4 protein chains.
Amino acid sequence: MSEKPRVVVDPHFRKMSEIFSDADLSRLHQTVDVVWGRDDAMPVDSARAALGDAIALVCGGWRYGTVPEDACNLRAIIDVSGGFPETLDYDRCFARGIRVLSAAPAFGPQVAEMALGMALAASREIVAGDRAMRAGEERRSHLGNATTFQLYRQPIGFIGFGSIARCLRPLLAPFNCPIAVYDPWLADGYLRSQGVEPVSLEQLLATSRVIFVLATPSTENRALLSRELLARISTGVVLVLVSRAHVVDFDALTELVLQGRFKAAIDVFPEEPLPADHPIRTAPGAVLSAHRAGSVKEGLWELGRMVVDDLEAIARGLPPQQLQAAQPELIGHVATSRIPKPRS
Amino acid sequence: MSEKPRVVVDPHFRKMSEIFSDADLSRLHQTVDVVWGRDDAMPVDSARAALGDAIALVCGGWRYGTVPEDACNLRAIIDVSGGFPETLDYDRCFARGIRVLSAAPAFGPQVAEMALGMALAASREIVAGDRAMRAGEERRSHLGNATTFQLYRQPIGFIGFGSIARCLRPLLAPFNCPIAVYDPWLADGYLRSQGVEPVSLEQLLATSRVIFVLATPSTENRALLSRELLARISTGVVLVLVSRAHVVDFDALTELVLQGRFKAAIDVFPEEPLPADHPIRTAPGAVLSAHRAGSVKEGLWELGRMVVDDLEAIARGLPPQQLQAAQPELIGHVATSRIPKPRS
Amino acid sequence: MSEKPRVVVDPHFRKMSEIFSDADLSRLHQTVDVVWGRDDAMPVDSARAALGDAIALVCGGWRYGTVPEDACNLRAIIDVSGGFPETLDYDRCFARGIRVLSAAPAFGPQVAEMALGMALAASREIVAGDRAMRAGEERRSHLGNATTFQLYRQPIGFIGFGSIARCLRPLLAPFNCPIAVYDPWLADGYLRSQGVEPVSLEQLLATSRVIFVLATPSTENRALLSRELLARISTGVVLVLVSRAHVVDFDALTELVLQGRFKAAIDVFPEEPLPADHPIRTAPGAVLSAHRAGSVKEGLWELGRMVVDDLEAIARGLPPQQLQAAQPELIGHVATSRIPKPRS
Amino acid sequence: MSEKPRVVVDPHFRKMSEIFSDADLSRLHQTVDVVWGRDDAMPVDSARAALGDAIALVCGGWRYGTVPEDACNLRAIIDVSGGFPETLDYDRCFARGIRVLSAAPAFGPQVAEMALGMALAASREIVAGDRAMRAGEERRSHLGNATTFQLYRQPIGFIGFGSIARCLRPLLAPFNCPIAVYDPWLADGYLRSQGVEPVSLEQLLATSRVIFVLATPSTENRALLSRELLARISTGVVLVLVSRAHVVDFDALTELVLQGRFKAAIDVFPEEPLPADHPIRTAPGAVLSAHRAGSVKEGLWELGRMVVDDLEAIARGLPPQQLQAAQPELIGHVATSRIPKPRS
């Protein structure tokens with residue numbers, strides 16, 4: 001009989017080898033007694049039974065019914081999807097001191113890097129310039145820079161200041177850009193303490209040369225960037241959309257980019273796969289990416305590393321330190337609609 | 001009669017309004033008595049005569065014959081092309097204390113930004129991903145990331161540690177990459193003092209995940225990256241070429257990239273315009289740009305700003321502080337072949 | 001009748017004007033309906049009654065008996081002392097979703113600055129050098145540097161990685177020092193993600209040139225730095241003690257510093273005021289400070305700023321964002337013995 | 001017979017082991033054929049003769065008469081004192097392409113560190129606080145902080161932007177202080193490009209909370225900080241004097257500090273040793289140091305490292321890269337009066 005604490009590992013949504021590097025998988029087994037730990041979905045009954053003496057559950061969303069009464073040692077429910085579980089009884093978890101943890105912070109570095117890369121691809125017209133070269137229609141030197149700009153010292157706007165924004169800010173630091181932030185979930189004083197300037201959404205859209213849409217989808221922010229607001233964006237601006245299309249009136253965005261009103265770099269879409277005839281596919285001023293910002297191979301291992309680190313902490317009777325804990329005040333507002341991911 | 005010192009301004013190669021913002025042009029006229037200062041080329045005889053009592057010449061290469069004997073007050077020859085003049089009698093300049101200044105440092109920030117953008121466009125396959133979206137052939141999420149990688153903590157190699165490298169290093173700093181440098185013109189101790197590791201070219205090619213070719217062309221480095229050396233580059237590496245094609249065996253580079261041996265992001269070519277049927281135009285693993293890294297509009301104003309700043313210094317009897325002074329030890333080795341730039 | 005949410009403000013331990021700048025006091029009143037808000041202690045009965053419809057309490061420790069049953073809207077208990085309340089029923093708070101918040105993070109910047117200043121005062125012998133000048137016994141130039149050292153690239157050890165350490169790390173960043181950390185409350189992976197190296201206490205003491213004692217006192221770490229461990233510290237090392245004397249065998253520390261075994265910079269003492277004849281007062285190798293690291297005037301306003309920021313968040317139904325929330329796993333281990341502070 | 005280039009090494013002013021670490025001494029001998037290389041002064045005739053086929057001279061000031069006609073290979077005169085030689089025929093050196101190099105940059109890191117340490121010792125009253133503890137007169141906690149302040153975000157002034165300032169700026173970076181600079185030898189545009197704001201001396205004195213006097217003594221800046229200017233400094237300011245007392249009216253400074261008008265941290269004095277009865281020795285608001293900022297043991301090895309690095313470059317036919325080259329425009333203005341250093 002093992003003396004290590006038990007952890008139920010049922011990622012099902014992701015493969016074990018996708019999220020855990022060999023080193024971290026080995027560390028996981030050294031730290032805790034892994035129950036299940038397979039790629040296929042654990043039968044719900046078995047899972048419920050196993051939770052009886054587990055200290056934590058690693059899962060891809062909650063699909064286990066009510067939180068079992070006899071799960072007295074359960075300290076953490078860790079969702080590896082990147083969001084929080086949809087159907088969980090959070091109140092019960094909070095009252096019983098069970099932390100519900102999202103792996104969202106693990107995606108911050110790679111999404112932030114992609115956001116910077118897509119911003120530069122749009123501002124310096126790296127994508128359009130390559131397309132012109134392949135078509136034999138390139139314009140050289142300054143003739144090819146008629147509508148490009150440098151990032152240095154440009155005013156930047158962040159819509160949302162969560163995991164991605166926190167990772168993007170240091171990447172932008174050497175460009176010496178003032179950063180304005182709109183995030184209704186954060187107090188102005190906190191934002192200022194982080195070296196960014198809290199502003200209204202209107203002001204952000206009116207003054208930013210590059211706008212990064214980084215907001216977690218919530219019950220309040222569907223189409224937050226409405227047609228009317230999008231129409232206020234100035235000519236020559238770059239809008240980078242990497243969190244969720246939920247936040248934007250995508251039809252309006254498509255029209256405005258097709259009209260050449262501003263440029264957009266887009267990694268997420270209202271439907272995925274995007275219909276083959278969607279007009280955004282032809283927009284010269286767009287940089288398009290097929291929901292690829294958060295799924296670099298080694299990047300998912302960052303998720304596994306954080307999970308094992310936090311399980312180590314929990315096994316030692318400490319609070320988790322890297323994953324994001326659900327907050328009672330916010331959890332009701334988080335939109336949890338997920339776009340199904342393809343499996344290879 | 002003016003009491004301000006005289007400066008002959010004959011950029012001819014570039015337009016006045018391209019290099020000087022309105023503010024800097026106004027500052028130029030406040031600081032010195034501008035002779036010529038027009039977009040068309042100054043007649044050589046007039047220029048030689050005007051040098052007689054000028055403290056400096058701003059020019060696009062030297063095309064004025066011998067350095068005039070009576071140019072007793074001449075303290076600086078400022079070339080705005082981005083390199084050093086080809087035909088100048090440097091020994092005479094050095095002996096008479098005339099500084100020969102290149103505007104190369106003004107291009108550092110914009111070329112470095114483009115180099116980072118092109119590196120990310122290749123490593124995260126932003127260009128190829130956009131092309132797939134437009135063709136309706138995209139692979140989503142992790143399926144679209146089979147051959148991408150993140151920059152964080154990757155070993156980076158710089159071939160050449162001049163103006164571009166000095167500007168690129170801070171942009172890479174937040175990625176926490178160790179940087180190896182090959183630069184035969186710099187002592188190991190100096191490079192270490194700059195926080196980079198001096199290595200041989202062979203070692204750099206064998207160990208770097210991203211290779212930035214940043215070297216000034218010299219009489220010794222033509223095709224420095226020979227077919228043999230290029231063949232040593234590992235699969236999955238990104239090579240970014242932004243200084244001059246001079247440094248690379250371009251035929252070999254083209255073949256290797258077409259074979260998919262590594263990826264390349266290329267802004268400079270052995271012939272410009274590149275022949276319409278050049279095979280690199282079709283390489284899936286290439287990011288192609290038509291010599292656009294150093295010609296963003298506001299970027300050229302950085303050149304003008306530096307010129308006026310240094311003229312202010314010279315007019316006050318001080319050494320110039322921002323432009324790059326020719327060094328007697330190196331000037332004989334600098335290759336000055338220039339690719340003609342298009343005029344709009 | 002006010003429609004703003006009510007907050008009971010009873011700092012008593014600190015004066016209102018000490019913790020709130022005029023601007024923040026005004027902001028406090030704009031945000032919430034302040035109950036009490038005076039310098040003298042609120043009568044306990046009045047306080048208990050007022051908690052009935054308050055959303056938060058700002059206090060200097062908990063002296064209000066049981067958490068009132070009817071305090072149904074209470075979301076936060078904010079202790080402005082710098083620690084957590086001693087006598088509070090934490091389990092009840094956790095079960096009812098009442099956050100218990102410490103103002104410790106507000107002290108981080110000023111204590112970290114003092115820690116750096118004291119470290120340099122010891123390593124460069126700024127205090128001893130000044131004393132020698134006043135005595136007319138100075139040794140000049142390199143003769144006065146026989147036992148000094150520079151901080152650049154020296155191995156540094158942090159005992160404890162909390163608020164102070166997080167503020168000290170960026171101050172040390174330009175010195176390029178590797179930082180080793182001993183903190184039994186944090187997982188190795190988390191520490192590595194913060195750019196520091198987790199080590200055992202023994203290894204830290206054996207390898208660090210400057211040792212910063214930054215640990216919060218806990219029930220487990222009394223005299224953690226025992227005589228035996230202190231005896232392992234190498235000659236020439238600087239030990240900086242700025243969190244609590246609790247963590248150190250102070251008699252042993254005094255003897256070793258008097259013997260000249262290593263240098264120490266000390267801001268906290270086992271008794272305060274320190275007895276007039278305590279031998280540490282005469283140690284040539286000591287830098288002594290009378291518990292002054294965390295009480296710079298404008299520094300306390302940082303506390304008030306954070307309190308008002310977090311009250312703004314709570315009033316808007318958001319989680320607090322800057323103060324430190326008590327964690328169920330740790331709160332039982334935190335030592336809450338406090339040294340009484342003088343009042344002017 | 002050696003084929004390595006010859007270098008005459010005659011530091012005399014400093015001992016070989018003071019300036020060269022064992023590793024660098026070994027590297028020196030591997031790189032060049034060292035002539036002399038002893039602690040005692042080389043006979044002048046021998047030195048002149050040896051210069052005939054040397055590529056460089058390492059010396060402690062120039063005491064060899066005219067630059068020998070037959071020194072045809074001489075490329076560099078390297079002064080290890082920290083300044084430029086007094087009596088050298090610079091015009092001849094410039095005309096013949098002999099670089100005159102100062103080791104001043106080697107002192108930048110250690111003097112900058114001391115300047116920061118002394119600034120904090122004054123602003124946080126670390127020295128005065130220690131003195132009070134030893135006298136049993138300490139005031140604890142906030143009572144001991146009546147006249148202290150934190151450095152964060154305070155306006156800083158640099159008088160002089162040379163080697164020390166360039167090393168001090170990154171040390172101050174984490175404190176987020178705006179930095180104003182007065183340096184008549186540098187153009188405004190250059191200073192702005194370095195992230196500092198050029199201002200007049202009057203404005204600097206009127207607006208800075210901490211004033212760092214970092215200027216190289218010149219023929220124009222004797223007592224630049226006159227009684228009248230010093231009198232404009234606000235109460236509560238800290239003045240840090242670490243370059244040379246030459247720049248300040250020291251009598252006026254002494255009086256104002258004794259009056260408690262502002263605080264001063266002083267490492268350099270008009271006479272050294274300072275007379276035993278000099279009144280500054282008793283000023284409560286002073287932090288005093290006996291010219292110790294630039295003579296930490298390992299710090300001098302930085303000098304040796306730079307010398308060997310630059311000799312390596314010169315031996316390879318490259319320009320030196322780390323030592324500071326005399327500029328024709330400035331050399332006539334540099335004051336070279338040196339304070340004799342004690343020898344152990």
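Across all chains of this predicted model, the structure holds 24 aromatic pairs. One of them joins C:Phe158 and C:Phe161, whose rings are stacked, with 6.4 Å from centre to centre and 25° between the planes. A pair of aromatic rings is described by just these two quantities, the distance of the centres and the angle of the planes. The pair counts as stacked because its planes are under 30 degrees apart.

In chain A, A:Phe158 and A:Phe161 belong to one aromatic cluster together with A:Phe212.

Helix H6 of chain D, spanning residues 126–134, gives another view of buried residues. Its buried members are D:Ile126, D:Val127, D:Gly129, D:Asp130, D:Ala132 and D:Met133. An α-helix has 3.6 residues a turn, so residues three or four places apart point the same way. What covers the buried residues of this helix? The cover includes parts of two chains: from chain C come helix H5 (104–123), helix H6 (126–134) and strand E12 (286–288), and from chain D come helix H5 (104–123) and strand E12 (286–288). After H6 of chain D comes D:Gly136, which has a positive phi, near 70°.

Attention now turns to the contact of chain B with chain D. Each chain contributes to it, with 24 residues from chain B and 24 residues from chain D. Between them the two chains bury about 2,000 Å², and 47% of this lies on carbon and sulfur atoms. On the chain B side, the residues that lose the most area to chain D are B:Ala187, B:Gln321 and B:Glu329, which together make up 25% of what that side buries.

Which residue of chain D forms a salt bridge with B:Arg99? The partner is D:Glu329, and the closest N and O atoms are 2.5 Å apart. The elements of chain B that give two or more residues to the side touching chain D are helix H4 (90–96), helix H8 (188–193), helix H12 (297–315) and helix H13 (328–331). By type, the residues on that side comprise 13 nonpolar, six polar and five charged.

Conventions: Residues numbered from 1 in each chain as written. Chains lettered and ligands numbered in written order. Predicted model: local features only at pLDDT ≥ 70, side-chain atom pairs only at ≥ 80, totals over all residues. Heavy atoms only, no water. Contact = heavy atoms within 4.5 Å. Buried area = accessible area lost by both parts, 1.4 Å probe. Salt bridge = Lys/Arg side-chain N within 4 Å of Asp/Glu carboxyl O. Helix = DSSP H or I, 4+ residues; strand = E, 2+ residues; numbered from the N terminus. Nonpolar A, V, L, I, M, F, W, Y, C, P; charged D, E, K, R; others polar. Phe/Tyr/Trp six-rings, centres within 6.5 Å; stacked < 30°, edge-to-face > 60°. Buried < 20%, exposed > 50% of the residue type's maximum accessible area, 1.4 Å probe, protein only.
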